[in-house]
Amino acid sequence: MHATVISGLWGAVAVLTAGAVMAEPVTGKEAKKLIFTPKASEVRVLPDAPVDKAQAALLATAMAGQPWYGAIAISPDEGLMVEATVAAAKYHDVDSAGRAAVAACNEKKKGAADCVVAAVIEPRGWKEGRALQLSQEA
């Protein structure tokens, strides 16, 4: 597994790469029923994200079209347009992407508060409970 950290909002448009191992194998036929078609992703700004409506719209626009599963972490003390804003994408689930984005953000932040996930990148039409989640590339 390897990853690259991308900092700053515009740098965050680039993505991190990472791999994960599935716990139990499934057949190709079973997997085809469980995965999303690789057509489109969408950005969902989290309701408790420390951003105003204009910043939420900027996040959604800047990250539109990025591969899932991803997350954007920000430093609550510094706001959105700083080097500590970090995106992580191409993970097999949003939790892994969120952990990577927060860790990278915390390394770069200058404020006292820990970084938080402000938005996630998911497949269009994503619903919780899918038994199989793979990155868009996978």
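These are my notebook entries on what I looked up in the predicted model above.

**Entry 1: ground rules**

I note that this is a predicted model, in which local features need pLDDT of at least 70 and side-chain atom pairs count only at pLDDT 80 or more, while totals for chains, interfaces and linings use all residues. Residues are numbered from 1 along each chain as its sequence is written, and side-chain values use heavy atoms, with hydrogens and water left out.

**Entry 2: confidence**

I looked up pLDDT, which is the predictor's confidence in each residue, from 0 to 100. The protein chain averages 77, and 66% of the residues score at least 70. Where is confidence lowest, and where is it highest? Strand S1 (residues 6–7) has the lowest confidence with a mean of 48, whereas H3 has the highest at 96. I also marked two stretches where pLDDT stays under 50: residues 1–6, with 22 contacts beyond four places in sequence, and residues 9–22, with 52 such contacts. A contact here means heavy atoms within 4.5 Å.

**Entry 3: overall layout**

I found 3 helices and 5 strands in the protein chain, and from the N terminus on they run β-α-β-α-β-β-α-β. Helices (H or I, at least four residues) and strands (E, at least two) are DSSP runs, numbered from the N terminus. Of the 138 residues in the protein chain, 42% are buried, where buried means under 20% relative accessible area, exposed means over 50%, and partly exposed lies in between (1.4 Å probe, protein chains only). Among contacts between residues at least 6 apart in sequence, 72% join residues at least 24 apart.

**Entry 4: the disulfide**

I looked for disulfides, each a pair of cysteine sulfur atoms within 2.5 Å, and the structure holds 1. In general, a disulfide is a covalent bond between the sulfur atoms of two cysteines. Here Cys 105 and Cys 115 form the link, with their sulfur atoms 2.1 Å apart, and at -70 degrees about the S-S bond the link is left-handed. Cys 105 lies in helix H3 (residues 94–108) and Cys 115 in the loop between H3 and strand S5 (116–123), so the pair ties together parts that are 10 residues apart in sequence. Both Cys 105 and Cys 115 are buried.

**Entry 5: a serine that touches both cysteines**

I then turned to Ser 75, whose place is in the loop between S3 and S4. Is Ser 75 buried or exposed? Ser 75 counts as buried because its relative accessibility is 0%. Leaving aside residues up to four places away in sequence, Ser 75 touches Ala 84, Cys 105, Lys 109, Gly 111 and Cys 115. The side chains of Ser 75 and Glu 78 are joined by a polar contact of 2.8 Å, a polar contact being a pair of N or O atoms within 3.5 Å; within protein, one must be able to donate a hydrogen and the other to accept it, and residues adjacent in sequence count only if both atoms are side-chain atoms.

**Entry 6: salt bridges**

How many salt bridges does the structure hold? I noted 2, a salt bridge being a side-chain nitrogen of Lys or Arg within 4 Å of a carboxyl oxygen of Asp or Glu.

The side chains of Arg 44 and Glu 122 meet in one of them, at 2.8 Å from N to O. Arg 44 lies in strand S2 (residues 41–45) and Glu 122 in strand S5, so this pair ties together parts that are 78 residues apart in sequence. Arg 44 counts as partly exposed at 37% relative accessibility, whereas Glu 122 is buried at 2%.

The side chains of Lys 108 and Glu 83 also meet in a salt bridge, at 3.7 Å from N to O. Lys 108 lies in helix H3 and Glu 83 in the loop between strand S3 (70–74) and strand S4 (86–88), so this pair ties together parts that are 25 residues apart in sequence. Lys 108 is partly exposed at 29%, and Glu 83 is partly exposed at 46%.

**Entry 7: nonpolar cores**

I looked up nonpolar cores, which are sets of buried Ala, Val, Leu, Ile, Met, Phe, Trp, Tyr and Cys residues joined through side-chain atoms within 4.5 Å. Which residues of the largest core touch the most other members? Among its 18 residues, they are Leu 59, Met 63, Ile 72 and Ile 121. Helix H2 (53–63), S3 and S5 each supply at least two residues of this core, and S5 gives the most, with 4 residues. A second, separate core has 12 residues, including Val 86, Tyr 91, Val 102 and Ala 104.
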